[in-house]
Amino acid sequence: MKEMPDILWLEEIRKEDIAAVGGKGASLGEMSSMGLPVPGGFVVTSRAFRHFLIETGIEQPLFSNLENLNVDDNNALEQASKKARALVMKAKMPASLKERIRESYQKLNGGGMVVAVRSSATAEDLPDASFAGQQETFLNIKGEKNLLDAVQKCWASLYGARAIYYRAKQGFDDRSVNIAVVVQQMINSEKAGVMFTSHPVTGEPLTIIEGSWGLGEAVVSGSVSPDKYVYDQRTGNVIDRLIAQKKTEIVSDGEHGTKTLDIGKERQETSVLSDEEVARLATFGKIAETHYGIPQDIEWSIVGETMYILQSRPITTIRSGATQVKTETGEGKILVKGQGASPGVATGRVVVIRDVKDTGSVQAGDILVTKMTNPDMVPAMQKVAAIVTDEGGMTCHAAIVSRELGTPAVVGTRNATSVLKPGQLITVDGEKGFIYEGALEKPSQAQAPVAAITASPLITATSVKVNVSIPGAAARAAATGADGVGLLRIEHLILGLNKTPGWFIANGREEEFIDELYKGIKIVLDAFNGKPVWVRTLDAPTDEFRNMAGGENEPHEHNPMLGWRGIRRDLQSPDQFRLQVEAFKRLWEKGYDNLGVMFPMVSHPEEFIAAREMMAEWGVDVNAATLGVMIEIPSCAIMIEDFIHAGIDFASFGTNDLVQYTLAIDRNNENVASMYQPKHPAVLALIDQAIEVCRDHGVECSICGQAGSEPPMVTWLVEHGITSVSANIDAIAKIRETVARTEQRIILESARRSHAE
Ligand code: PEP
Ligand code: MG
């Protein structure tokens, strides 16, 4: 075998060199070899680290210190970690190695260059095992002494308590784990961000770029709301842009590290990228995607006129074309089964969450396994590669949020939290509902994008709208080209604050609540400029409030689904209702006349009339406002004509609830999930007659329940005359196609009939 050098330059490295340079080093080398503008640099290889251990004589004490360590004993783990790190830090780096690192640094622009020093760990026996995020990175390092110190700190970080724990749980022998260190020109980005080379949910040839001022860490960590650009590769045009208010930036701090600065007013709402820059970045993205044969998630940065590509990795959320998954062993051993609630295949380590307080331990790329998710878990849900729950059906909280995030999910497994073990490597197939042991055989095949979507946009007579729950998903939702938002659930805007509405009221913090709601809804309205956005008033069953501050005052109900939720709660809690109305009122006053308000869980027209009267009392011009109801309770479907006489402007089927209330099937109960049938004749009969009445009166009739994301149901709805459908982000492309096909078939059949007559 060829002797591995201590130092390798990025341009000499190929992806096969992973054992020498770790995953990060190999990926950077591969990118520079394909001509992407990767900042220059070199890698202190894993061999150099081995030399260091042997020549300094610390190898033996280091590994015996870790032998027989009980990593579940926190104290012992901390002690062992401290000792190991001290051994590495106190050892003197061999002079010859120091010299080689110095020489290489000198070659980088004469030695005065500011560099980023990043750990790139690897395992001898399993070189592509992922240790991402376990070891440290040091930014803004200048001078030989600081560089040598940072390299040694990276090595020491291989023995951080978390890293030791992780390896022990994965069954890695500490002796076989190596670390390389990437030393790379530090780019003091004026602007930076991330890019998806294809649409991350549908796989459409749309490049989605997010960017903000300063270093990319601000975008990657989510500390700033970035600008968003959607570039259509078919036409070469920027088809959508959302300019966010960028309040802070992360910049280099003098000679060492980084700091966060406030952004001056004038730059906060200035577009970060020009159309020309978007197009250039998209071209680099395409080169990477073509090279790797799979859409990429790329980090980029710009200084003056110069663009840099900092990292590229496969997008993991695109729906699988072929979901035939094989594990490493090829056997595809199924550990747990449930309902496939959000399509896609993802591999990762299990993290079992028994209490929302534990979500702090969730790392990007983990697989979240829990009894049932709650709105206060959404921040953690946004980080993970997949979600698995014991409870729930297709319309439970976990299912709805996962689909919106484009994260694969399996719900209603009954026993995932006891069968799956923390740290275990698993693969989740969110379409079939299977959880396999181990990793995918070939992620790139299993995650191939769906077939290309039609080249020209489909125009349908039936509007195809999209459901949104999280403002962060608004730009992605708008990028689908949907005709508006048929349901904006505001629970997440509020519940993400981790305090109940009652808490804000009891603590005199109403203004904060109104402001949060106002800002969240505004993001969605801005993303759908000129298109209708139907915002639903608060609808969270009491059990969803319980974990939050103020939740202790929530009543304990036998059947929260049949309890104090939706409009019935708002009518009895005018304080809570008024805060929501105040936010809507301010938005209308700002000129957002695309905002419509929809009341959930109405069972009698009197409730609609009462809600409207209260709004009028609080100063809303109810004659000008667009107000409608969700048809979720059979009584509402049956009495729809009375609702129309009461003055609704629209109605939308909330089939998630309509099915449970028509068939007496708790939508969150996995024991009866197989009986949950949106196409049950009784449900269809209710829908059919309500559509007909709405048509007769010229009132818009829509659907925003999960059934509106299912093609067979949508075919039936279009045939029966529905005026619009609102689907999940991931389903828009297929629903639009379903609607178009059905409409064309109806026209064709009618033409044929008249021809025959
Ligand atoms: C529904 O009931 O169909 C609906 C869309 O509302 P939710 O799922 O939030 O109850
Ligand atoms: Mg509902």
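Guide: This is a predicted model. In helix H25, the buried residues are Thr655, Asn656, Asp657, Leu658, Val659, Gln660, Tyr661 and Leu663.

Visitor: What makes H25 mostly covered?
Guide: Eight of the nine residues of H25 (residues 655-663) are buried. Just after H25, alanine 664 has a positive phi of about 60°.

Visitor: Why is helix H2 called largely enclosed by the rest of the structure?
Guide: H2 covers residues 46-55, and seven of these 10 residues are buried, so the helix is described as largely enclosed. The buried residues of H2 are Ser46, Arg47, Ala48, Phe49, Arg50, Phe52 and Leu53.

Visitor: Why are H3 and H4 called roughly antiparallel?
Guide: The axes of H3 (residues 59-66) and H4 (residues 74-90) cross at roughly 170°. Angles over 145 degrees count as roughly antiparallel, and H3 and H4 are therefore given that name.

Visitor: How do you know that H3 and H4 meet?
Guide: Their axes come within 9 Å. Contact means heavy atoms within 4.5 Å, and on that basis Pro61, Leu62, Asn65 and Leu66 in H3 meet Ala80, Lys83, Ala84, Leu87 and Val88 in H4. The residues of this contact divide into seven nonpolar, one polar and one charged.

Visitor: What makes phenylalanine 434 and tyrosine 436 an edge-to-face pair?
Guide: Their ring centres are 6.2 Å apart, with 80° between the planes. Centres within 6.5 Å make a pair, and planes over 60 degrees apart make it edge-to-face.

Visitor: Why is the pair of tryptophan 534 and phenylalanine 650 called stacked?
Guide: Planes under 30 degrees apart count as stacked. The planes of tryptophan 534 and phenylalanine 650 are at 10° and the ring centres are 3.6 Å apart, so the pair is stacked. This pair links distant parts of the chain, 116 residues apart: tryptophan 534 is in strand E24 (residues 533-536) and phenylalanine 650 is in strand E27 (residues 650-653). Both residues are buried.

Visitor: What lies over the face of tryptophan 534?
Guide: Lysine 465 does, at 3.8 Å from the ring centre. In another case, the charged end of lysine 499 sits over the ring of tryptophan 503, 5.1 Å from its centre. The distance limit for such an arrangement is 6 Å.

Visitor: How many aromatic pairs does a search of the whole structure find?
Guide: The search finds 11. One aromatic cluster is formed by Phe577, Phe599, Phe608 and Trp618.

Visitor: Why is glutamate 607 called buried?
Guide: Its relative accessible area is 16%, and the limit for buried is under 20%, so glutamate 607 counts as buried. Glutamate 607 is in helix H22 (residues 605-617). Leaving aside neighbours within four places in sequence, glutamate 607 is in contact with Ile567, Leu571, Met601 and Val602.

Note on methods: Residues are numbered from 1 along each chain as its sequence is written. Chains are lettered from A and ligands numbered from 1 in the order in which they are written. This is a predicted model: local features need pLDDT of at least 70, side-chain atom pairs count only at pLDDT 80 or more; totals for chains, interfaces and linings use all residues. Side-chain values use heavy atoms; hydrogens and water are left out. Axes are lines fitted to C-alpha atoms, for helices over the stretch in contact, and angles run from 0 to 180 degrees between N-to-C directions. Helices (H or I, at least four residues) and strands (E, at least two) are DSSP runs, numbered from the N terminus. Angles under 35 degrees count as roughly parallel, over 145 as roughly antiparallel, 65 to 115 as roughly perpendicular and the rest as oblique. Ala, Val, Leu, Ile, Met, Phe, Trp, Tyr, Cys and Pro count as nonpolar, Asp, Glu, Lys and Arg as charged, and the others, Gly among them, as polar. Rings of Phe, Tyr and Trp (its six-membered ring) pair if their centres lie within 6.5 Å; planes under 30 degrees apart count as stacked, over 60 as edge-to-face and the rest as tilted. Buried means under 20% relative accessible area, exposed over 50%, partly exposed in between (1.4 Å probe, protein chains only). A charge sits over a ring if NZ of Lys or CZ of Arg is within 6 Å of the ring centre and within 35 degrees of the ring normal.
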